[in-house]
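This report is meant for someone opening the structure for the first time. Please keep the sequence and the 3D view at hand while reading.

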Amino acid sequence: MATSFVLLLLFVLHGADGSHIVGGRDSAPQSRPYMASLQSRGRHRCGGALVREDFVLTAAHCQIPVPYTVVLGVGSLTANEPTKQEFSAVRSFRHPNYDGHANDIMLLKLDRRAQLTEAVQLIPLKPETINAASQCIVAGWGSLRDNGPASIRLQEVNVTILPQPTCRRRWSGVRITSAMVCGVGARAFQGACTGDSGGPLVCDEAAAGVVSFGGRRCGDPRRPAVYTRISSFGQWIEDVLTNN
């Protein structure tokens with residue numbers, strides 16, 4: 001059991017290379033102005049959300065050893081959109097209790113403040129717990145199918161929050177903490193998976209979660225996508241933003 005558990009975590013937490021949304025749709029232009037693309041060497045690696053003009057919220061497992069470029073204000077990663085703003089991440093604040101699985105949350109400080117426009121906006125953080133059966137949205141630039149090519153355009157999909165006992169039961173053998181939450185699409189194989197990593201789970205127009213990990217098949221309701229619950233880290237987020 002221990003060996004299979006480690007192998008599963010190596011798969012689901014292996015950074016952003018596998019990031020994708022399946023069974024979703026193109027996001028309408030400028031409808032998700034808080035979305036950030038975290039890139040290295042010109043390649044999209046993770047998603048994120050702009051929570052202050054100079055800070056992006058993402059997943060701790062998205063940290064990589066080379067500098068990040070953070071792109072805001074775009075729907076397409078290939079088009080040179082006039083709304084595009086590009087930054088360097090000059091400092092990362094990974095949660096101090098991140099253990100490779102739990103507490104999967106990180107803040108990135110940008111080299112300057114973003115200019116807020118119609119295409120670039122902040123997203124508020126949801127301070128309260130997400131209720132089971134809540135209807136939420138997750139977005140990202142990953143593959144459209146398992147092992148498929150990455151999407152050029154920003155994709156989004158509706159997900160429903162599962163009760164915590166259901167989440168734990170479906171992830172039997174994997175530790176699901178109270179600071180995690182599961183979400184599923186309306187039908188099988190529809191939802192987020194590994195490398196939409198770091199992108200926000202948006203409920204009631206506020207960021208309620210951060211894409212953390214998923215199963216071997218994207219959108220599989222038997223191993224639903226798991227999100228870091230933002231309300232569990234409100235004080236830590238406030239402390240980082242206040243002191244930096």
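## Ser76 and its surroundings

Leaving aside neighbours within four places in sequence, Ser76 is in contact (heavy atoms within 4.5 Å) with Glu81, Ile152 and Arg153. Ser76 lies in the loop between strand S6 (69-72) and strand S7 (85-94), where helices (H or I, at least four residues) and strands (E, at least two) are DSSP runs numbered from the N terminus. Ser76 counts as buried because its relative accessibility is 5%; buried means under 20% relative accessible area, exposed over 50%, and partly exposed in between, with a 1.4 Å probe and protein chains only.

## Basis and confidence

This is a predicted model, in which local features need pLDDT of at least 70 and side-chain atom pairs count only at pLDDT 80 or more, while totals for chains, interfaces and linings use all residues. Residues are numbered from 1 along each chain as its sequence is written, and side-chain values use heavy atoms, with hydrogens and water left out.

The mean pLDDT of the chain (the predictor's confidence in each residue, from 0 to 100) is 86, and 84% of the residues reach 70 or more. Over residues 1-20, however, pLDDT stays under 50.

## The barrel

Six strands form a closed barrel in the order S3-S4-S5-S8-S7-S6, with antiparallel pairing; two strands pair if DSSP finds at least two bridges between them. From one strand to the next, the twist averages 45°, with axes fitted as lines to C-alpha atoms, for helices over the stretch in contact, and angles running from 0 to 180 degrees between N-to-C directions. Helix H3 packs on the sheet, where H3 touches S4, S5, S7 and S8 and makes an angle of about 20° with the direction of S8.

Six bridges connect the antiparallel strands S3 and S4, and these two strands form a hairpin with two residues between them, in whose turn Arg41 has a positive phi of about 50°. S4 and S5 also form a hairpin with two residues between them, and in S4 nine of the 10 residues are buried.
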